[in-house]
Amino acid sequence: MDHKIKITGLLLAILSSSTQVVADEKPFSIAIHGGAGTISKASLTPEQEQAYRDKLSQAVNAGYSILEKGGDSLVAIKAAINVLEDSPLFNAGVGAVYTFDGQHEMDASIMDGKTMNAGAVAGVKHIKNPINLADAVMNKSPHVMLSGAGAEEFALTQGFQLVPVAHFDTDKRYNQLIDAKEKIKTAETAKDYQAANHLMGRDYLDLDYKFGTVGAVALDQSGNLAAGTSTGGMTAKRFGRIGDSPVIGAGTYAENGVCAVSATGHGEYFIRYHVAGDICAKVKYQQKSIIQAADEVINQRLITAGGTGGVIALDQRGNIATPFNTEGMYRATRKNGEPVQVMIWRDK
């Protein structure tokens, strides 16, 4: 009898220990994007497609490795975004598109879901990794957004090294600028070409000229959400145009217990429709799932208004949504204990 009691007690102890291990496991996950647009399968060679997939995998794994070790979600998204900013494949950092005048003007923002603190920079020209400067604005200044020369002056006070404009130059983006300006000129019907071309560009350029962004969202093992976005903006943009990427609530948003969002698309629409904030509001106040909330905003409200693009979003349990209303969106996701998933189109 005593022998049976001892065995039963041992089994209960083992089961209790196993249950405790499962209960102690904390969900964590990360999602990244490299921009949405008219990414047709025919336009990418197998080699080009593989290059994108490899870089997306590298970026998401850079963030995941930090989360896996118990690291902070903010650190994870910066690591992921830095990989994309340092790659000429994406419109952020190296590979940023050109303005109408042949310059680079980059924007970025970051938000901490735990504290609701945020930082952003707009129109910077000499910052190697704009997301890092946005983080410095969040943590080292009393402000949320700094722009242009002022943002770079602040960067110097924080020990950032400015890089020459040529650091961001790529032949691919320069050829896009030349092509875009030719398309604008061809489409122009008014006499004053210089005054009207920015309006013509909005109406006549293909989607791939209008936007391109990178971003990341993450949930760490402490339950903290974070989101960040970085971009080179719109090809042939003029007059210091700023899109949604540095605007908190439009292109970036995070709130613990609710969701984290990073957007990519035609920024003017994302600003007007408060896209990132709207998704989180649906989760918070209407108790909708992250998948339902993100889909409603991107594939119903935004597209009805004429807005194109997509988002990556995740909730407090690590569930991920990646809706887009364009032909494709470069993206990758990874949840704790699962392999990385890299996708470009809807089916893969």
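**Chat about the helices and sheets of a predicted model**

Me: Which residues in α2 are buried?
Reply: In α2, the buried residues are Glu49, Tyr52, Arg53, Leu56, Ser57, Ala59, Val60, Gly63, Tyr64 and Leu67. Buried means under 20% relative accessible area, exposed means over 50%, and partly exposed is in between, with a 1.4 Å probe and protein chains only. Helices (H or I, at least four residues) and strands (E, at least two) are DSSP runs, numbered from the N terminus.

Me: What sort of model is it, and how is it numbered?
Reply: It is a predicted model, in which local features need pLDDT of at least 70 and side-chain atom pairs count only at pLDDT 80 or more, while totals for chains, interfaces and linings use all residues. Residues are numbered from 1 along each chain as its sequence is written, and side-chain values use heavy atoms, with hydrogens and water left out.

Me: Back to α2: how far apart are its end C-alpha atoms?
Reply: They are 32 Å apart, which agrees with the 33 Å that the 23 residues of α2 (residues 46–68) should span at 1.5 Å a residue. The expected span is 1.5 Å times one less than the number of residues. Gly70 follows α2 and has a positive phi, near 90°.

Me: And at what angle do α3 and α4 pack?
Reply: Helix α3 (residues 73–85) and helix α4 (residues 130–140) pack at about 150°, with their axes 9 Å apart. The axes are lines fitted to C-alpha atoms, for helices over the stretch in contact, and angles run from 0 to 180 degrees between N-to-C directions. The two helices, α3 and α4, are therefore roughly antiparallel, a label for angles over 145 degrees, whereas under 35 is roughly parallel, 65 to 115 roughly perpendicular and the rest oblique.

Me: Which residues meet there?
Reply: Leu74, Lys78, Ile81, Asn82 and Glu85 in α3 meet Pro130, Ile131, Asn132, Asp135 and Met138 in α4, where contact means heavy atoms within 4.5 Å. The residues of this contact between α3 and α4 comprise 5 nonpolar, 2 polar and 3 charged. Ala, Val, Leu, Ile, Met, Phe, Trp, Tyr, Cys and Pro count as nonpolar, Asp, Glu, Lys and Arg as charged, and the others, Gly among them, as polar.

Me: Changing topic, in what order do the strands of the open sheet come?
Reply: The 4 strands are ordered β7-β8-β9-β10, with antiparallel pairing. At the edges stand β7 (252–255) and β10 (320–321), each with a single partner strand, so one side of each has no neighbour in the sheet. Helix α10 (residues 275–286) packs on the sheet and touches β7, β8 and β9, its direction making about 150° with that of β8. Two strands pair if DSSP finds at least two bridges between them.

Me: What about α11, which strands does that lie across?
Reply: Helix α11 (residues 290–305) lies across β8, β9 and β10, and runs at about 160° to β9.

Me: Where is Tyr273 found?
Reply: Tyr273 sits in the loop between α9 (267–272) and α10, and is partly exposed, with a relative accessible area of 26%. Leaving aside neighbours within four places in sequence, Tyr273 is in contact with Asp278, Arg301, Leu302 and Ala305. Tyr273 and Arg301 are 28 residues apart in sequence and 8.5 Å apart in space, C-alpha to C-alpha.

Me: Last one: how many residues of β1 are buried?
Reply: In strand β1 (residues 29–37), 9 of its 9 residues are buried. Strand β1 runs antiparallel to β5 (residues 213–219), joined by 5 bridges, and antiparallel to β11 (residues 328–335), joined by 7 bridges.
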